[in-house]
Amino acid sequence: MFTTRLIRRLSAVAAGGLLVVGACATDDELAEPRPTVPVVTTVPVEELPTDASADNQTQTNDSAQPGSPLPNGGDGRTDDSAQASRSEGNVLNANIAVEQIMILDEPIDMTAAPGDPMVWIAERGGRVLRVDLAKGEVDETILDISAETIARGEQGLLGIAVSDDWLYANFTDRNGDTQVEAFKREGAALSGERRTILSQSQPYRNHNGGALAIGPDGYLYIALGDGGAANDPFDHGQNSATWLGSILRIEPTPTAAAPYLIPADNPFVADPGTADRVPIGSPEIFLTGVRNPWRFSFDTGTGDLWIADVGQDLYEEVTALLAANGGGVGANLGWRLREGLHEFTGDKPPGNVDPVWEYGRDDGCSVTGGYVYRGSLVPELTGSYLFGDYCTSRLWAVQISSGQVVFRDFGVAVPGGSLASFGQDADGELYTLSLEGPVSRVVAS
């Protein structure tokens, strides 16, 4: 999410207004060509226009080179068994608006809780609220760990995920270290039972990651940044022996002797039949090479994994990992050898997967990842990944179709600015969360 340079800028900006850092990106700037991206394959959707207007851009892949092969073709190579046919919209025809619903205290994450018609929203200060979005009201406070964390800089309560039986929370404790804890559910409330699932010491105050998600496989995915400072001084992104700079995948077992189990197909799990070739790396790791993944999500229609990773100096990036090609297991997103599609300190590592989209400092400074839209309010947005930038708070989308990545700038900024996160309700509708307070719904315009 926000970087150290952004925190310095925030101190000079009055709260409550739209935050614009540097030169605001214009439609003409966003229409400039980006480098080609790795070949990606999904089921073809309705043929998209080839004449990009001033507020959209299509990247073709005629000269693109796929990334290094990954297990199960995770580099996005053509796969005839990719996905079953499904209805998709046309992002170039989509028009959206953002309607403010309510104001909270630094809302930072939102999730639909299975079996609960309301949504659960996390505030950075340490509360989890049960919210009635139809009324724009807080029904109750489900959890309050404000005495256990400090909301400063990039720290605090950073992410939540909810299963049938547990609420999982990712937060930095009062020493600044990452804690992932499970809280037992009793319907729409908590029982008071809790268990620490895992802990990670943090060398610096920034780049904590913080996102949590329950994948289509039922496992818990946990994003951890590279540990902070700048330029990844300890090379955590390329060190599979540390959790830092990785996304983890585990099976929580909060009531068992051990707090979690490790999926057998995680990339660094040793195969008992090849004991002489034990993989070098932490078995909890699902993928490596991330700097500060500020939000990742699974497409509820396909299971594809989308990751937004905050860049260092020049490029913000969005990566799509297709479920049909392994979903990214064992992928290396390149940091700190790569920043976006470009060399940072070296060549591409084995298993490298390039982003499908990047943007530079003329367009924003800190990417905020969102979701693939699967709601009904904006049919033309269906199948497109909605995301934005924390600094400009503008909303964008990309759609992958038949080897092309189609980009759309909606010319819309979220109420309050400071776009901290997105939320998705049980119906697939999307919401924006501003760190200044507003919670807003994405609708058709």
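Rings of Phe, Tyr and Trp (its six-membered ring) are said to pair if their centres lie within 6.5 Å, with planes under 30 degrees apart counted as stacked, those over 60 as edge-to-face and the rest as tilted. The views below show a predicted model, in which local features need pLDDT of at least 70 and side-chain atom pairs count only at pLDDT 80 or more, while totals for chains, interfaces and linings use all residues. Residues are numbered from 1 along each chain as its sequence is written, and side-chain values use heavy atoms, with hydrogens and water left out.

**View A. An aromatic cluster and an edge-to-face pair.** One aromatic cluster is formed by Trp306, Trp357, Tyr359, Tyr385, Phe387, Trp396 and Phe407. The structure holds 11 aromatic pairs; one of them, between tyrosine 221 and phenylalanine 298, is edge-to-face, with 4.8 Å from centre to centre and 65 degrees between the planes. This pair links distant parts of the chain, since tyrosine 221 belongs to strand E12 and phenylalanine 298 to strand E16, 77 residues apart (strands, E, of at least two residues and helices, H or I, of at least four are DSSP runs numbered from the N terminus). Tyrosine 221 and phenylalanine 298 are both buried, where buried means under 20% relative accessible area, exposed over 50% and partly exposed in between, with a 1.4 Å probe and protein chains only.

View B. Tryptophan 335 and phenylalanine 344 form a tilted aromatic pair, 4.8 Å centre to centre and with 45 degrees between the planes. Tryptophan 335 counts as buried because its relative accessibility is 3%, whereas phenylalanine 344, at 26%, counts as partly exposed. The peptide bond that runs from tryptophan 335 to arginine 336 is cis, with omega near 5 degrees, and arginine 336 lies in the loop between strand E18 (315-321) and strand E19 (338-339).

**View C. Two aspartates with positive phi.** Aspartate 232, in the loop between strand E12 (220-224) and strand E13 (246-252), has phi near 50 degrees, a positive value in a residue other than glycine. Aspartate 235 lies in the loop between E12 and E13 and has a positive phi of about 55 degrees although it is not a glycine. Aspartate 232 is buried, at 1% relative accessibility, while aspartate 235 is partly exposed, with a relative accessible area of 27%.

**View D. The surroundings of arginine 130.** Arginine 130, found in strand E5 (residues 127-132), is buried, with a relative accessible area of 12%. Its side chain makes a polar contact of 2.7 Å with the side chain of aspartate 116; a polar contact is a pair of N or O atoms within 3.5 Å, of which, within protein, one must be able to donate a hydrogen and the other to accept it, and residues adjacent in sequence count only if both atoms are side-chain atoms. Leaving aside neighbours within four places in sequence, the residues in contact with arginine 130 (heavy atoms within 4.5 Å) include Asp116, Trp120, Glu137, Ile142 and Ala188.
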